[in-house]
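Dear colleague,

Please find below the structure that I am handing over to you, together with its sequence. My notes on what was found in it follow directly after.

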Amino acid sequence: MSNQQVESIKIQINDYVYEIPSSWEQVTLEQYIDLDLYREELTPIRLLSILTRLSYDVLSNLPCDEFILKVMPKLDWIGEQYDVFSAKRKREIQIGNYLFDTIIDVGKERLGQKLYMQQLVNNAMKNKINHSLLIAPVIANYYAPYVHPEKKWNEQHIKDFEKMVMKMPMVDAYPEANFFLNGYIVFQKKKQNH
């Protein structure tokens, strides 16, 4: 993948112009989760709904010729596999207006974070929750305390911070969350084999 910034695709729907990603680098975590969850039924309308964040029902009742003729041919990158598990972690990540140096030593973080991680992973494995749904809560769990007014871990604050994480580029969010999930998921697998 090139580091070159590719311009997003623009489409007008009614009186508003929407920007649609033209590469995986422009896809937000929120969009990626929906692409992943709906991958078996990615019709043009579903795809447009995911990429514009407009309601599927609303879009179903609008003419979508422009999208099918002008935009769909530019979305061939969606057919290219993006390996979220081998993406490289960055030294800094941006979440909303906050820029963070990435956390290097998880062992120095708070007990509440470790317990919350165990709870997230156990719940995901028990209920067979899609891996993509762990990304935002995991990142929020580790970075939200740094912007909390009292610099503390607080579950409600984590959930509020998750909304910002969902707007992050997926290519930044996945490797960051995978860093934190690595030890937990490996640990869980070993534990289950005995």
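**Findings**

Tyrosine 174 is buried, its relative accessible area being 2%, where buried means under 20% relative accessible area, exposed over 50% and partly exposed in between (1.4 Å probe, protein chains only). Please note that this is a predicted model, in which local features need pLDDT of at least 70 and side-chain atom pairs count only at pLDDT 80 or more, while totals for chains, interfaces and linings use all residues. Residues are numbered from 1 along each chain as its sequence is written, and side-chain values use heavy atoms, with hydrogens and water left out.

Tyrosine 174 is found in helix H8 (residues 170–192); helices (H or I, at least four residues) and strands (E, at least two) are DSSP runs, numbered from the N terminus. Leaving aside neighbours within four places in sequence, tyrosine 174 is in contact (heavy atoms within 4.5 Å) with Leu29, Tyr32, Val84, His131, Ser132 and Ile135. The C-alpha atoms of tyrosine 174 and isoleucine 135 are separated by 6.4 Å, although these residues are 39 apart along the chain.

**The chain as a whole**

The protein chain has 8 helices and 4 strands, and along the sequence they follow the pattern β-β-α-α-α-α-β-β-α-α-α-α. The C-alpha trace spans about 55 × 40 × 35 Å along its principal axes. Of the 194 residues in the protein chain, 43% are buried. Among contacts between residues at least 6 apart in sequence, 66% join residues at least 24 apart.

The largest nonpolar core has 55 residues, and Leu75 and Tyr143 are those with the most contacts inside it. Such a core is a set of buried Ala, Val, Leu, Ile, Met, Phe, Trp, Tyr and Cys residues joined through side-chain atoms within 4.5 Å. Helix H6 contributes the largest share of this core, 9 residues. Not counting residues up to four places away in sequence, the residues that tyrosine 143 touches include Arg89, Ile93, Ile95, Phe100, Phe161 and Phe180.

**Helix H7**

Which residues of H7 are buried? They are His157, Ile158, Phe161, Glu162 and Val165. These residues cover an arc of only 150 degrees around the axis, which puts them on the same side of H7; the arc is that of the directions from the helix axis to the C-beta atoms. What covers them includes H1, strand E3 (92–95), E4, helix H5 (111–126) and helix H6 (135–147).

Isoleucine 158, which is placed in helix H7, has a relative accessible area of 0% and is buried. Not counting residues up to four places away in sequence, isoleucine 158 touches Tyr116, Pro137, Ala140, Asn141, Ala144, Pro145 and Trp153.

Asparagine 154 caps the N-terminal end of H7, with a side-chain oxygen 3.1 Å from the backbone nitrogen of glutamine 156.

**Aromatic residues**

The structure holds 14 aromatic pairs. Rings of Phe, Tyr and Trp (its six-membered ring) pair if their centres lie within 6.5 Å; planes under 30 degrees apart count as stacked, over 60 as edge-to-face and the rest as tilted. Tyrosine 98 and phenylalanine 100 form a tilted pair, 6.2 Å centre to centre with 40 degrees between the planes. Tyrosine 98 counts as partly exposed at 35% relative accessibility, whereas phenylalanine 100, at 8%, counts as buried.

Phenylalanine 100 also pairs with phenylalanine 161: the ring centres are 6.4 Å apart and the planes stand at 75 degrees, so the pair is edge-to-face. Because phenylalanine 100 lies in strand E4 (residues 98–101) and phenylalanine 161 in helix H7 (residues 155–165), the pair ties together parts that are 61 residues apart in sequence. One aromatic cluster is formed by Tyr98, Phe100, Tyr142, Tyr143, Phe161, Phe179 and Phe180.

Two arginines lie over tyrosine rings: arginine 46 over the face of tyrosine 56, at 3.9 Å from the ring centre, and arginine 110 over the face of tyrosine 146, at 5.7 Å. A charge sits over a ring if NZ of Lys or CZ of Arg is within 6 Å of the ring centre and within 35 degrees of the ring normal.

With kind regards

Terms used:
Polar contact = N/O pair within 3.5 Å; in protein donor to acceptor, adjacent residues only side chain to side chain.
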